[in-house]
Amino acid sequence: MAYWLFYFAGFIAIASAIMAITRLNASHALIYLVVTLLSIAVIFYLLGAPFAAALQIVIYAGAIVVLFLFVVMMLNLGRRSVEREKQWLLPGIWVIPSIMAGALFVVLGIALSGTQNEAQIAGSMIGPQTVGRALMGPYILGVELAGFLLLAALVGAYHLGRRYLDERREK
Amino acid sequence: MDVPLGIPFEHVIYLAIILFLIGVVGILIRRNVIFILLSLEVMMNACGLAFIAAGARWGEADGQVMFMFILALAAAEVAVALGLVVQLSRRFRTLDIDAASEMTG
């Protein structure tokens, strides 16, 4: 049963990702992105990574996409932006990038098929405890670097957003 | 729930490649900066999927650890990039990424 569930979720992920990058309305595209992220979370669970699936739902679909939605609502993109998107997204614009992406896919497919790697994923579930041990053991330096990165992002986002709020207050 | 048996490793990698290429095409065809960021999210998720598939293939936790680093990176990137989006729309009154190409050199 879970065997076809993987293909089902993968199909939904691909279809909704294609829908997400071709929408004219930003809010609709973000909803399609949520569908993509949730189906990838299902795949994570099927691959035996329940903690990663939970984090995918909580942080990606729950926090990052909501941040996107807040910004889209703050910028107040109306019907006018949909019209402008229609002008920007010309009918034949996707042909050459798709051909290039298809060529890249063929190259990667050849590289993959040459490895004779017919493994099947049948390991046991890797729970949060194991992941936490690895995270706080050999990867502790990476965790600290991630902390630095998040602090830098916090300072940067505050700096970029503060001037906007100040000028808004002056008006 | 028991662990499902027999998802071929290659098929998961193919799915990750397809999602990554959808993100690449999205970045190339869009001019709106919000859609470019959205495509970047799709690409980063594809990378995370490849990491988790590799971790599950060899039964190690390292794949999930790398996914967590990708998650932190995505959160940091989105926070800064959306601040830049707000600045872009405030200064140029548009979300066109080409409007910001003022630095001629």
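Predicted model: local features only at pLDDT ≥ 70, side-chain atom pairs only at ≥ 80, totals over all residues.
Strand β1 of chain A, residues 120-121, pairs with β1 of chain B through 2 bridges, and the two strands run antiparallel. Within this pairing, A:Q120 has B:P8 of β1(B) as its bridge partner. In chain A, β1(A) is where confidence is lowest, with a mean of 73, whereas helix α2 of that chain, residues 26-46, has the highest, at 93.

Counting contacts, 73 residues of chain B touch 83 residues of chain A. Together the chains bury about 7,300 Å², and 78% of that area is on carbon and sulfur atoms. On the side of chain B, the residues that lose the most area to chain A are B:I7, B:I29 and B:Q64, which together account for 9% of what that side buries.

Polar links also cross the interface. Here 10 residue pairs, both members at pLDDT 80 or more, are in polar contact. Four elements of chain B, namely β1 (7-8), α1 (9-29), α2 (33-57) and α3 (62-92), each supply at least two residues of the side that touches chain A. Of the chain B elements, α3(B) gives the most to this side, with 25 residues. Sorted by class, the side of chain B facing chain A holds 49 nonpolar, 14 polar and 10 charged residues.

What about charge pairing? Side chains of opposite charge can pair when their charged atoms come close. Between chain B and chain A, 1 salt bridge is found, and the count over all chains is likewise 1. The side chains that meet in this salt bridge are those of A:E85 and B:R30, at 2.5 Å from N to O. Because A:E85 sits in helix α4 of chain A (residues 79-88) and B:R30 in the loop between α1 and α2 of chain B, the pair joins two chains.

Chain A has an average pLDDT of 86, with 93% of the residues scoring at least 70. For chain B, the mean pLDDT is 87, and 93% of its residues reach 70 or more. The model as a whole scores ipTM 0.89 and pTM 0.89.

Conventions: Residues numbered from 1 in each chain as written. Chains lettered and ligands numbered in written order. Heavy atoms only, no water. Contact = heavy atoms within 4.5 Å. Buried area = accessible area lost by both parts, 1.4 Å probe. Salt bridge = Lys/Arg side-chain N within 4 Å of Asp/Glu carboxyl O. Polar contact = N/O pair within 3.5 Å; in protein donor to acceptor, adjacent residues only side chain to side chain. Nonpolar A, V, L, I, M, F, W, Y, C, P; charged D, E, K, R; others polar. Pairing = 2+ DSSP bridges. pLDDT = per-residue confidence, 0-100.
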